[in-house]
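Biologist: I have a model open and would like to go through it with you. Shall we take it point by point?

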Amino acid sequence: MSNIHIAVIAAAVFVLLGAVILPLINRRQFKKLPPDQQVLAIMKQANSLIYWKNISNGTTGRLFFVKNKRKILAYPWKLDESGRMLILKENPFDCWDYPEEREQLNEDEIKQARQELIKYSEKSRVKVVFNDPFKQDKTQEKPCE
């Protein structure tokens with residue numbers, strides 16, 4: 001084998017390692033982090049004023065809504081019989097999960113969080129179903145019980 005063949009094989013191994021294997025290891029390590037460290041990592045990952053991160057553990061998980069890279073709403077969910085994400089929080093817009101003071105959402109924040117959650121549901125392949133205490137129109141379905 002010539003040096004060129006060895007270089008091509010080595011480059012292919014490095015690409016495979018960097019593009020496939022390392023991200024899988026990082027995702028697994030991220031899921032093992034305690035929730036408070038996950039929140040800090042998600043805040044660093046946020047690349048816009050509104051950011052969504054879904055951490056799935058099969059049929060359950062947490063959907064994180066990050067606003068302005070400093071406030072987070074965490075929605076625990078499970079898949080229902082129809083394959084939809086059922087948000088388990090009774091009132092998904094009661095108070096912020098981070099920062100730890102857990103202050104109440106004001107009226108504008110509630111409106112924005114509702115709109116963003118509905119937009120996320122429309123864009124996502126898996127539809128999000130939640131109990132909407134501030135429902136003003138018929139666009140969101142009630143959760144199945």
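Biologist: Is Lys89 buried or exposed?

Modeller: Keep in mind that this is a predicted model. The cut-off for buried is under 20% relative accessible area. Lys89 has a relative accessible area of 16%, so Lys89 is buried.

Biologist: How far apart are the closest N and O atoms of Asp97 and Lys89?

Modeller: Asp97 forms a salt bridge with Lys89. The cut-off for such a pair is 4 Å. The closest N and O atoms are apart by 3.2 Å.

Biologist: Which helix holds Arg114, the partner of Asp132?

Modeller: The side chains of Asp132 and Arg114 meet in a salt bridge at 2.9 Å, N to O. The pair links distant parts of the chain, 18 residues apart. Asp132 sits in the segment after strand E5 (128-129). Arg114 is in helix H3.

Biologist: Now the fold. What pattern does the protein follow along the sequence?

Modeller: Count the elements. There are three helices and five strands. Read along the sequence, the pattern is α-α-β-β-β-β-α-β.

Biologist: How many bridges pair strand E2 with strand E3?

Modeller: E2 covers residues 60-67 and E3 covers residues 71-79. Thr60 stands opposite Lys78 in E3. The two strands pair in the antiparallel sense, and the number of bridges is eight.

Biologist: Which residue in the turn of the E2 and E3 hairpin has a positive phi of about 55°?

Modeller: The hairpin has three residues between its strands. Lys69, in the loop between E2 and E3, has a positive phi of about 60° although it is not a glycine. Lys69 counts as partly exposed, at 42% relative accessibility. The residue at about 55° is Asn68.

Biologist: Which residue takes a positive phi near 85° in the hairpin of E3 and E4?

Modeller: E3 and strand E4 (residues 85-87) run antiparallel, joined by three bridges. Trp77 stands opposite Ile87 in E4. Five residues lie between the strands. The one with a phi near 85° is Gly83.

Biologist: Which element gives the largest share of the largest nonpolar core?

Modeller: This core has 18 residues, and those with the most contacts inside it are Leu63, Tyr75, Phe93 and Leu117. E2, E3, E4 and helix H3 (107-123) each give two or more residues to this core. The largest share is five residues, and it comes from H3.

Biologist: How many residues are in the second, separate core?

Modeller: Its members include Ile42, Met43, Phe64 and Ala74. The second core is separate, with a residue count of 12.

Biologist: Which residue does a cis peptide bond join to Tyr98?

Modeller: Omega at this bond is about 10°.

Biologist: Last, the surface. What is the area of the nonpolar patch made by Met1, Ile6, Ile9 and Val13?

Modeller: Met1 is found in the segment before helix H1 (3-32). Met1 counts as exposed, at 79% relative accessibility. The accessible surface of the protein comes to about 9,800 Å², with 56% belonging to carbon and sulfur atoms. The patch made by Met1, Ile6, Ile9 and Val13 has an area of about 440 Å².

Notes:
Residues numbered from 1 in each chain as written. Predicted model: local features only at pLDDT ≥ 70, side-chain atom pairs only at ≥ 80, totals over all residues. Heavy atoms only, no water. Helix = DSSP H or I, 4+ residues; strand = E, 2+ residues; numbered from the N terminus. Areas by Shrake-Rupley, 256 points an atom, 1.4 Å probe, with all protein chains shown as cover. Patch = residues over 30% accessible without salt bridge, like charges linked within 9 Å, V, L, I, M, F, W, Y side chains within 5 Å. Buried < 20%, exposed > 50% of the residue type's maximum accessible area, 1.4 Å probe, protein only. Pairing = 2+ DSSP bridges. Core = buried A, V, L, I, M, F, W, Y, C linked by side-chain atoms within 4.5 Å.
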